[in-house]
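Here is a friendly tour of a metal site and its neighbouring ligand. Please keep the viewer open as you read.

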Amino acid sequence: MHGNVKTLNQFIIERQADFQYASGELSRLLSDIGTASKIINREVNKAGLVNILGDAGTTNVQGEEVKKLDVYANEQLIAALSSGGEVCVMGSEENDDIIEVKFTEGNASYVVLFDPLDGSSNIDVNASIGTIFSIYRRISEGKGAGKLEDCLQKGTQQVAAGYVIYGSSTILVYTTGNGVNGFTLDPSIGEFCLSHPDIKTPKDAKIYSINEGNEAHFPEGVKKYIEYCKVEDKASGRPYSSRYIGSFVADFHRNLLKGGIFIYPPTAKAPNGKLRLLYEANPLAFVAEQAGGKASNGKDRITEIVPSALHQRVPLFIGSENMVKLAEEYLANN
Ligand code: AHG
Ligand code: MN
Ligand code: MN
C-alpha cells in the first residue's frame, strides 16, 4: 500500500480467492497484461513525436526501426503473454491465425484474445485509444499449444475481460465475473491504482453513440430508434446527446461511467456490423453486464453467440440496460 492507495497487483491478489481455478495463474496473467499496457502506454505517449523520432517503417535517430503503434502493441502483448507459462494460445486482431504458445514445462491453461490497439485511426490526432482483452480456460485436451476451438468459445465462458484506455489519463478496467473495477495509472510511481471500485452503469441514460454518417444504410429499426433519441420530450430528458469518438473502447468507457448506448449496426459497407465478436464485443459485453448493463446483437445476447471464426463481426448494441432493450424493441417492430 502507498498510503490509502491500492495497486492493481495488490487488488488482484486480494481477490484471487474469487477465481474458480488455478488462481495464481490467472493473477499472474492479469498482472502481465498490466505490465504490457504500461509499456504500450509509454509508446502511445510518444506518438506525436514521430516526426522527430522517425515515421513508421523508417529508422529513428537512435537507429531503431520505428513500428506502427498497433503492431508495436501487438508484439508487446504477445511477448508478455507467451513468456509467463499461463497462456496456451492467443488470438489477435493483428494476426490472421491463432498464435500458438509452445512451451516445454507446465500446463498452461488460459486462452487470451485481444485487440492490441483499438481506435487506431485516432492515434495521429491525440484522441483516446485502447487495448481490449478477453480470457478463457482452454477446453482442448492435452498439453502443448492450444487450438482454434479454445478461441471459439461463447462469451459466457470468459473468466476475465477488460480494457486499458490511453487517454487524458491511462485507466485499466477489468472483471473476473465479480463486479467491475478500474485502476488509473499514476505515472509518478508507475502503478495502476484503484480509482473506480465496483463500477455500476445507470439503467437509463441520455447519451447515444453511433456513426450517423452511415444512416442511409441502417436497418429501419435503428433509424427509428435514433429518431426517438432526438425527439424533444421533457419527461424522458430527450433529445439525448450524441457522442462518438470513433474509438469503441473510449466510447464504451464514457458510456459505462455516464450511462448511454453504443450502437454499431449492420451497414452497406459492413453487413454484419464492423466490430469483432471475440476481442471487441464479447469482452466489453462481459464488462457491461457485470456493471449492470446489457449487450446484444439487436436480438440475442452477445455472450451467447457461438463463434465460428476468429475474426467474425457482429452488430452491436451495448450499454445502459433500458436503452438497449428499447433499441431491440424498435428492431423487432420495424
Ligand atoms: P480498430 O482501430 O481496432 O481497427 O477498431 C476501430 C473500430 C472501433 O474502435 C470504432 O468504434 C469503429 O472502428 C469506428 O468505426 P467507424 O469509423 O466506421 O465509425
Ligand atoms: Mn478495434
Ligand atoms: Mn485494433
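## Contacts to ligand 1

In this predicted model, a polar side-chain atom of D118 sits 2.7 Å from an oxygen atom of ligand 1. An N or O atom in the side chain of Y244 is 2.5 Å from an oxygen atom of ligand 1, and a backbone N or O atom of L117 lies 3.4 Å from one. The protein covers 80% of the 470 Å² of accessible area that ligand 1 has on its own (Shrake-Rupley method, 1.4 Å probe).

## The shell

Around ligand 1 there are 16 residues, and D118, S120, N211, Y244 and Y264 come nearest (a residue is near if one of its heavy atoms lies within 4 Å). Strand β3 gives the most to this shell, with three residues (strands are DSSP E runs of at least two residues). Domain 1 (8-196) and domain 2 (207-333) each supply at least three residues; the bounds come from an automatic or database domain assignment.

## The manganese site

Which residues are the protein donors of the manganese ion (ligand 3)? They are E93 (OE), D115 (OD) and L117 (O), at 2.0 to 2.3 Å (donors are N, O and S atoms within 2.8 Å of the metal, or 3.2 Å for Na, K and Ca; water is not among the atoms, so sites may look incomplete). D115 coordinates both this ion and the manganese ion (ligand 2), and the two ions are 3.7 Å apart.

L117 is buried, at 1% relative accessible area, whereas E93 is partly exposed at 28% (buried is under 20%, exposed over 50%, partly exposed in between; 1.4 Å probe, protein chains only).

## Reading notes

Residues are numbered from 1 along each chain as its sequence is written, while chains are lettered from A and ligands numbered from 1 in the order in which they are written. Local features need pLDDT of at least 70, side-chain atom pairs count only at pLDDT 80 or more, and totals for chains, interfaces and linings use all residues, with side-chain values using heavy atoms and leaving out hydrogens and water.

Notes
Polar contact = N/O pair within 3.5 Å; in protein donor to acceptor, adjacent residues only side chain to side chain. Helix = DSSP H or I, 4+ residues; strand = E, 2+ residues; numbered from the N terminus.
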